[in-house]
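Welcome! Here is a short tour of some side chains and their surroundings. Please keep the viewer open as you read.

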Amino acid sequence: MNDSATLHHRSVYAEDLRIGQIMELNSHTVSEQEIVDFARQWDPQWFHTDKEAAESGVFGGLIGSGVHTLAICQKLVVASIYDRWNVIAGKSMREVQFLRPLRPGDTLSGTLTVDNVVLDKRSRGLVTTTAKLVDAQGNRMFQVVTDAYLHCRPTS
């Protein structure tokens, strides 16, 4: 997709968002191979990379890295929502909470809630959101608060 086509699909500006607005995220099912591959590259702790050893560990089996869960969350937010938003850049992530271990076969989905929108004199808005992920049974898995700058709607 070329840049003009991409921009055409980015129709949401900072002032279009409402505090309290909740948007659904797509889902992602994580495989054992994905957990191991991610961990080998980014978080090579034995309980993420060695299934047999992990079975005797405190979690009773292989678990995904928290960083992997964060990456899945980011992918779901971008694919479900940010692709339509006029994002300039992220500013911060905070209150990152790993609430349950990520296990092979888990399907993650969730919501993104708009917590605040502050418009400034530079034609942009600082948008604060909370992303929450759950597994297929509805168990809370992960949560993060993010601040990102979005463009304001162009004036004619």
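## A helix residue and its neighbours

Is Thr69 buried or exposed? In this predicted model, Thr69 has 6% relative accessibility, and because buried means under 20%, Thr69 counts as buried.

Thr69 belongs to helix α5, which covers residues 66–80. Leaving aside residues up to four places away in sequence, Thr69 touches Leu102, Leu108, Leu133 and Phe142. One of these contacts, Phe142, is itself buried, with a relative accessible area of 1%.

## Aromatic pairs

Three aromatic pairs are counted here. Trp46 is partly exposed, at a relative accessible area of 44%.

Phe98 and Phe142 form a tilted pair, since their planes lie at 40°, with ring centres 5.6 Å apart. This pair links distant parts of the chain: Phe98 sits in strand β2 and Phe142 in strand β5 (residues 140–151), 44 residues apart. Phe142 is buried, whereas Phe98 is partly exposed at 48% relative accessibility.

## A nonpolar surface patch

Phe98 also takes part in a nonpolar patch on the surface, together with Met93 and Val96. Together these residues have about 270 Å² of accessible area. Val96 lies in strand β2, residues 87–98, and counts as partly exposed at 35% relative accessibility.

## A charge over a ring

One last stop for your viewer: the charged end of Arg124 is placed over the ring of Tyr149, 4.0 Å from the ring's centre.

Terms used. Residues numbered from 1 in each chain as written. Predicted model: local features only at pLDDT ≥ 70, side-chain atom pairs only at ≥ 80, totals over all residues. Heavy atoms only, no water. Helix = DSSP H or I, 4+ residues; strand = E, 2+ residues; numbered from the N terminus. Buried < 20%, exposed > 50% of the residue type's maximum accessible area, 1.4 Å probe, protein only. Contact = heavy atoms within 4.5 Å. Patch = residues over 30% accessible without salt bridge, like charges linked within 9 Å, V, L, I, M, F, W, Y side chains within 5 Å. Areas by Shrake-Rupley, 256 points an atom, 1.4 Å probe, with all protein chains shown as cover. Salt bridge = Lys/Arg side-chain N within 4 Å of Asp/Glu carboxyl O. Phe/Tyr/Trp six-rings, centres within 6.5 Å; stacked < 30°, edge-to-face > 60°. Lys NZ or Arg CZ within 6 Å of the ring centre and 35° of its normal.
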